[in-house]
Amino acid sequence: NALGKSSEEAVNIGFVKALPSIIDANVTHLLVAMILKIFGTGEIESFATTLIVGIFTSVFSAIIISKLIITSQLEKGKKVSFGTKYTHNMFSNFHFDWIGKRKYF
């Protein structure tokens, strides 16, 4: 809401911007799991199967389930917050000179 967007618009923009990262990370894991499944034997092959199921479950919940829950809450007129009373405005006046401190990183 800091940029004047409604909560619905902010959630949609957030999901659109997060989608490439979610897909990228999980495709990378899926490739490793497929390699383990193809070349692994015994316990490694079983682990790869479990990993593949976990990856699909994770992607499904990250994209579909979370969006359904958040949008349904917004449609009901409920306020959706991603912080707590302790973290609200925690970094609103935070300024750090990343460029000036780059030699430490």
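Guide: A salt bridge is counted when a side-chain nitrogen of Lys or Arg is within 4 Å of a carboxyl oxygen of Asp or Glu. The structure here is a predicted model, where local features need pLDDT of at least 70, side-chain atom pairs count only at pLDDT 80 or more, and totals for chains, interfaces and linings use all residues. Residues are numbered from 1 along each chain as its sequence is written, and side-chain values use heavy atoms, with hydrogens and water left out.

Visitor: How many salt bridges does the count come to by this rule?

Guide: Side chains of opposite charge can pair when their charged atoms come close. In this model the rule gives 1 salt bridge. Glu 45 and Lys 37 form a salt bridge through their side chains, with 3.6 Å from N to O.

Visitor: Are Glu 45 and Lys 37 buried or exposed?

Guide: Buried means under 20% relative accessible area, exposed means over 50%, and partly exposed lies in between (1.4 Å probe, protein chains only). Glu 45 is partly exposed because its relative accessibility is 32%. Lys 37 is also partly exposed, because its value is 31%.

Visitor: How many helices and strands are in the secondary structure of the protein chain?

Guide: Helices (H or I, at least four residues) and strands (E, at least two) are DSSP runs, numbered from the N terminus. The protein chain has 2 helices and 0 strands. Helix α1 covers residues 7–39, and α2 covers 43–75.

Visitor: What radius of gyration does the protein chain have?

Guide: The radius is taken over C-alpha atoms, and the globule rule is 2.2 Å times the number of residues to the power 0.38. The protein chain has a radius of gyration of 20 Å, whereas a compact globule of 105 residues would have one near 13 Å. The C-alpha trace spans about 55 × 50 × 25 Å along its principal axes. Of the 105 residues, 11% are buried.

Visitor: Which residues make up the largest nonpolar core?

Guide: In soluble globular proteins, nonpolar side chains tend to be buried together. A nonpolar core is a set of buried Ala, Val, Leu, Ile, Met, Phe, Trp, Tyr and Cys residues joined through side-chain atoms within 4.5 Å. Here the largest one has 5 residues: Leu 30, Ala 33, Ile 52, Ile 55 and Val 59. Both α1 and α2 give two or more residues to this core, and α2 gives the most, with 3 residues.

Visitor: Leaving aside its neighbours within four places in sequence, which residues is Ala 33 in contact with?

Guide: Contact means heavy atoms within 4.5 Å. With those neighbours left aside, Ala 33 touches Ala 48, Leu 51, Ile 52 and Ile 55. Asn 26, a residue of helix α1, is buried because its relative accessibility is 14%. Beyond four places in sequence, Asn 26 is in contact with Ile 55, Ser 58 and Val 59. Across the protein chain, 49% of the contacts with a separation of 6 or more are between residues 24 or more positions apart.

Visitor: How far apart in space are Val 16 and Ile 63, C-alpha to C-alpha?

Guide: They are 9.9 Å apart in space and 47 residues apart in sequence. Val 16 belongs to helix α1 and is exposed because its relative accessible area is 59%. Val 32 is another residue in helix α1. Its C-alpha atom is separated by 8.5 Å from that of Ala 48, 16 residues along the chain. Val 32 is partly exposed, because its relative accessible area is 46%.

Visitor: Where does Gly 40 lie?

Guide: Gly 40 is in the loop between α1 and α2. Gly 40 is buried because its relative accessibility is 14%.

Visitor: Which residues make the nonpolar surface patch?

Guide: Patches are made of residues with over 30% relative accessible area and no salt bridge; like charges are joined within 9 Å and nonpolar side chains (Val, Leu, Ile, Met, Phe, Trp, Tyr) within 5 Å. Accessible areas come from the Shrake-Rupley method with a 1.4 Å probe, and for residues only the protein chains shown count as cover. Leu 19, Ile 23, Val 27, Leu 31, Met 34, Ile 35, Ile 38 and Phe 39 make a nonpolar patch of about 780 Å². Leu 19 is partly exposed, because its relative accessibility is 36%. The accessible surface of the protein chain is about 8800 Å², and carbon and sulfur atoms hold 66% of it.

Visitor: Which residue has a positive phi although it is not a glycine?

Guide: Asn 89 does, with a phi of about 60°. Asn 89 is in the segment after α2 and is exposed because its relative accessibility is 53%.
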